[in-house]
Amino acid sequence: MKQLALSACLAVLGVQAYAADLHIKAGSTYIIDSRQAKLNLDTLTIGDKAKITLASNVDMWRVDAKEASIGYGVVIMGRGESGRDGANGISHREADKCQPGQAGGDGAAGVSGGSGADIHWSLGVVSFGSVSIDLSGGNGGRGGNGGDGQNVPDFPRCTESGGAAGNGGNGGNGGKGGSFRFHYTLADGAGDLTNSIEVKISGGLRGKGGQPGIAGIGTSGRYINKKSLSGGRSWEAGGGDGAQGHEGRAGASSANGRLDIRLINGATPTVPTEAPQNEAPNKSLEQRVKSLEILTQKLEARIRLLELDKE
């Protein structure tokens, strides 16, 4: 029912969609479509091991939520699609009559990879488990191979050349990596989440160029008998092989995305210019307690993920 109400709000408001809350159940698979590309929420809840995928027409997912509770083992996929490989050029069978060999077709260029999506979050974090986000650019497609030129067999009195080899197609460019901007506040009691986020924002790899085809073989040279009173033989050159093709150029790798994770309500520690001597041990003790709290949080997160795997 909540999802239905959310969709209705999004369809009406369009650009900056508002809904009371969004709850993605634990272990579920959830698609963010264009109607949910911009969300203004009171509450965002994502359960343990939920998998969220951004639809292909969503190039940015923006979420503003007053309160957010994120579970453990959450996966978000916004990776750019890999480009398709170029088609191979046409190759020709051996000629069945005396004629110049047909040239092999050129390989088609590989398609460039898609850019990774951008995610902009502004959340009031109540609890945070662990999240893995993939916004990598898609790899460029490989260029198609050139087709083989046509061979011309040794037909009688035939001196035709073989067909030229087709050129290899150029490789596609890699897609640009997406960016992740996460500005958040921490509610009282919420633990540090710096080490709870894994983000991939690398650019896509370039596609390789296609290989050229094989040049067709022309007719061979041969001796022929002279039609004269003196007789004898003379050499007649063959047609020769077709021209060699060229290898396709590789595409270009693309740039990585940007990462901006920022606590926007963090207290800046103040250091007094003349601290009383008896405060130094207390400050050292506070730092050690804080380090133990962070270590405990990390251990709890690992234990929680192991428990989820057993389930």
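Apart from neighbours within four places in sequence, Gly 78 is in contact with Leu 54, Gly 116, Ala 117, Asp 134 and Leu 135, where contact means heavy atoms within 4.5 Å. Gly 78 sits in the loop between strand E6 (74-77) and strand E7 (118-128); strands here are DSSP runs of E with at least two residues, helices are runs of H or I with at least four, and both are numbered from the N terminus. With a relative accessible area of 6%, Gly 78 is buried. The term buried means under 20% relative accessible area, exposed means over 50%, and partly exposed covers the range in between (1.4 Å probe, protein chains only). The C-alpha atoms of Gly 78 and Asp 59 are 8.2 Å apart in space, while the two residues are 19 apart in sequence.

The model is predicted: local features need pLDDT of at least 70, side-chain atom pairs count only at pLDDT 80 or more, and totals for chains, interfaces and linings use all residues. Residues are numbered from 1 along each chain as its sequence is written, and side-chain values use heavy atoms, with hydrogens and water left out.

The chain as a whole contains two helices and 13 strands. Of its 311 residues, 35% are buried. Among contacts between residues at least 6 apart in sequence, 77% join residues at least 24 apart. The chain exposes about 18200 Å², of which carbon and sulfur atoms supply 50%; accessible areas come from the Shrake-Rupley method with a 1.4 Å probe, and for residues only the protein chains shown count as cover.

Attention now turns to the aromatic side chains. The structure holds six aromatic pairs. Rings of Phe, Tyr and Trp (its six-membered ring) pair if their centres lie within 6.5 Å; planes under 30 degrees apart count as stacked, over 60 as edge-to-face and the rest as tilted. Phe 180 and Phe 182 form a tilted pair, 5.8 Å centre to centre with 40° between the planes. Phe 180 counts as buried because its relative accessibility is 1%, and Phe 182 is likewise buried, at 0%. Phe 182 also pairs with Tyr 184, again in a tilted arrangement, with 4.9 Å between centres and 35° between planes. Both Phe 182 and Tyr 184 are buried. These residues belong to one aromatic cluster formed by Trp 61, Trp 121, Phe 128, Phe 180, Phe 182 and Tyr 184.

Side chains of opposite charge can pair when their charged atoms come close. The structure holds four salt bridges, each defined as a side-chain nitrogen of Lys or Arg within 4 Å of a carboxyl oxygen of Asp or Glu. One of them joins Lys 66 to Asp 42, at 3.4 Å from N to O. Lys 66 lies in strand E5 (residues 60-70) and Asp 42 in strand E3 (residues 38-46), so this pair ties together parts that are 24 residues apart in sequence. Lys 66 is exposed, with a relative accessible area of 61%, whereas Asp 42 is partly exposed at 24%.

Another salt bridge links Arg 35 with Asp 33, the closest N and O atoms being 2.8 Å apart; Arg 35 counts as partly exposed because its relative accessibility is 41%. Arg 262 and Asp 260 also form a salt bridge, with their closest N and O atoms 3.1 Å apart. Arg 262 is partly exposed, with a relative accessible area of 44%, and Asp 260 is partly exposed as well, at 22%.
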